[in-house]
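Let's take a walk through this structure together. Have the chain in view and follow along from one spot to the next.

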Amino acid sequence: MSQTLFTNATIACLDGESGYGLRENGALLVEAEKIAWLGPMQDSPATGAAEVVDCKGRLLTPGLIDCHSHLVYGGDRADEFEMRLEGASYAEIARQGGGILSTVNATRAASEAELFEQVLPRLRTLLDEGVTTLEIKSGYGLDSDNEIKMLRVARHLQSELQLRIQKTFLGAHALPPEYTDRSDAYIELVCAEMLPNAHAEGLVDAVDVFIESIAFSREQGAKVLDCAQALGLPFKAHVEQLSDLGGALMAASKGALSVDHIEYLNDADVTRLAQSDTVAVLLPGAFYQLRETQVPPLAALRAERVPIALATDANPGSSPIHSILLIMNMACTLFRMTPTEALRGITINAARALGLDQEIGSLEIGKQADIVLWNVDRPSMLSYQVGINPCAGVMQAGQWRSKPATSS
Ligand code: NIG
Ligand code: FE
């Protein structure tokens with residue numbers, strides 16, 4: 001069995017209900033794909049470990065988790081970026097048939113192989129920054145074949161790269177042009193055909209829906225989530241991004257893994273949300289890119305102890321942002337989150353948002369050995385600086401994906 005012993009490490013375990021779970025002068029033993037032991041240096045087990053990595057005081061964290069992305073898509077929306085800078089709003093562009101629908105056209109026109117080629121450079125920064133688990137949504141196909149095509153690309157990435165991918169079906173992302181003025185009929189199609197077809201191919205780990213005036217109503221969203229539940233699939237929702245339609249509470253009351261965006265979520269609903277196990281996923285990249293001014297209800301989320309995750313929301317429209325480290329910094333500067341909350345948001349709370357917190361998201365004995373070694377000595381460094389990538393090495397399920405230069 002392969003063994004790796006990390007010595008002289010500052011370990012951010014993320015194992016408690018708050019804080020970093022920091023262990024100074026620590027050691028951590030990996031056996032096969034799991035964490036076999038961790039504790040103080042002086043207690044480290046005498047092993048004939050084949051490999052010893054002297055961390056020299058540097059930081060170890062769990063592999064980073066990006067729990068909300070739309071990374072697979074065709075084309076780009078740079079022209080709409082220009083239009084928004086000239087005064088058009090995101091919602092106006094969407095109502096005129098641009099926005100998500102312009103990406104739908106480009107995605108439908110691209111082959112599976114072309115989409116695969118296009119996604120690779122977008123993934124590079126995430127991989128280089130220590131992301132070991134990534135959620136990818138469909139939602140730019142909006143018919144059975146094209147949604148399946150997108151999810152196959154996500155599956156292909158999982159088989160080609162050393163990375164765990166969670167595939168989310170987002171057929172109810174926007175109303176396709178074929179269904180103009182027939183949104184109930186489209187929701188019917190999503191539930192009766194599109195989702196079951198994708199699920200039958202084993203392509204669906206979870207189901208998502210966009211509840212918003214430019215997308216679907218709360219009632220339509222509820223139908224989609226009920227269909228997911230009937231198939232035994234976990235679900236989540238894009239809610240309260242541009243207005244308060246009560247989507248978060250509806251999704252949470254049904255048992256959603258997460259409610260995402262939530263800038264317009266009201267404090268009373270946060271209190272009710274706290275009765276569920278649902279995670280609040282904040283997406284500062286979309287807030288930034290859309291020059292949103294309504295900040296999510298951080299004070300209420302904290303007061304009610306709702307777990308908060310962060311993600312890139314990487315997509316061609318509202319968040320063409322592919323750096324999870326930048327997202328940590330944005331969460332701190334734009335939402336006034338603490339660096340501790342930011343790191344929890346892309347590790348243990350992101351794992352919860354994907355329903356994977358028994359396996360990943362923290363450094364604990366028995367968990368999968370997804371581990372990042374950083375060229376910094378404190379976790380706050382990860383949120384604090386922008387444009388420097390201090391990632392020194394990444395281990396995925398006990399295998400080096402990129403090996404630190406110093407290991408022997
Ligand atoms: O999370 N809000 C809906 N969906 C995406 C945006 C998709 C797009 O603009 O292409 C989001 O922001
Ligand atoms: Fe999104």
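Both His68 and His238 are buried, where buried means under 20% relative accessible area, exposed over 50%, and partly exposed in between (1.4 Å probe, protein chains only). A word on the ground rules: this is a predicted model, in which local features need pLDDT of at least 70 and side-chain atom pairs count only at pLDDT 80 or more, while totals for chains, interfaces and linings use all residues. Residues are numbered from 1 along each chain as its sequence is written, chains are lettered from A and ligands numbered from 1 in the order in which they are written, and side-chain values use heavy atoms, with hydrogens and water left out.

**The iron site**

So what holds the iron ion (ligand 2)? Its protein donors are His68 (NE2), His70 (NE2), His238 (NE2) and Asp313 (OD), lying 2.1 to 2.3 Å from the ion. Donors here are N, O and S atoms within 2.8 Å of the metal (3.2 Å for Na, K and Ca); water is not among the atoms, so sites may look incomplete. Along the sequence, the spacing of these donor residues reads H-x1-H-x167-H-x74-D. His68 sits in the loop between β6 (64-66) and α1 (78-85) and His238 in strand β10 (residues 236-239), so this pair ties together parts that are 170 residues apart in sequence. Helices (H or I, at least four residues) and strands (E, at least two) are DSSP runs, numbered from the N terminus.

Ser69 has its place in the loop between β6 and α1 and counts as buried, at 0% relative accessibility. A polar atom of its side chain lies 2.6 Å from the backbone oxygen of Glu135, and the backbone nitrogen of Leu71 lies 3.4 Å from a polar atom of the Ser69 side chain. Not counting residues up to four places away in sequence, Ser69 touches Leu134, Glu135, Ile136, Lys137, Thr312, Asp313 and Ala314; contact means heavy atoms within 4.5 Å.

Thr312 belongs to the loop between β13 (308-310) and α12 (324-335). Is Thr312 buried or exposed? Buried, at 0% relative accessibility. Beyond residues up to four places away in sequence, Thr312 touches several others, including Asp66, His68, Ser69 and Leu126. With Asp66 there is also a polar contact, side chain to side chain, at 2.6 Å from Thr312. A polar contact is a pair of N or O atoms within 3.5 Å; within protein, one must be able to donate a hydrogen and the other to accept it, and residues adjacent in sequence count only if both atoms are side-chain atoms.

**Rings and charges**

A search of the whole structure finds five aromatic pairs. One of them is Tyr186 with Phe216, which is stacked, at 6.1 Å centre to centre and 20 degrees between the planes. Tyr186 lies in helix α6 and Phe216 in the loop between β9 (206-209) and α7 (218-230), so the pair ties together parts that are 30 residues apart in sequence. Rings of Phe, Tyr and Trp (its six-membered ring) pair if their centres lie within 6.5 Å; planes under 30 degrees apart count as stacked, over 60 as edge-to-face and the rest as tilted. Tyr186 is buried, with a relative accessible area of 0%, and Phe216 counts as buried too, at 1%. Ring pairs also link Tyr179, Tyr186 and Phe216 into a cluster.

Two arginines sit over tyrosine rings, as the table shows. A charge sits over a ring if NZ of Lys or CZ of Arg is within 6 Å of the ring centre and within 35 degrees of the ring normal.

| Charged residue | Ring | Distance to ring centre |
|---|---|---|
| Arg122 | Tyr73 | 3.4 Å |
| Arg182 | Tyr179 | 4.5 Å |

**Helix α5 and two glutamates**

Helix α5 (residues 144-160) has 17 residues and reaches 24 Å from its first C-alpha to its last, close to the 24 Å expected, that is, 1.5 Å times one less than its number of residues. Its buried residues, among them Ile148, Leu151 and Leu157, pack against α3 (100-109), α4 (112-128), β7 (131-137), β8 (164-172) and α6 (183-200).

Glu80, in helix α1, counts as buried at 8% relative accessibility, and its side chain makes a polar contact with that of Ser102 (3.2 Å). Glu359, in the loop between α14 (348-353) and β14 (371-374), is partly exposed, with a relative accessible area of 35%. Leaving aside neighbours within four places in sequence, Glu359 is in contact with Arg164, Lys367 and Gln368.
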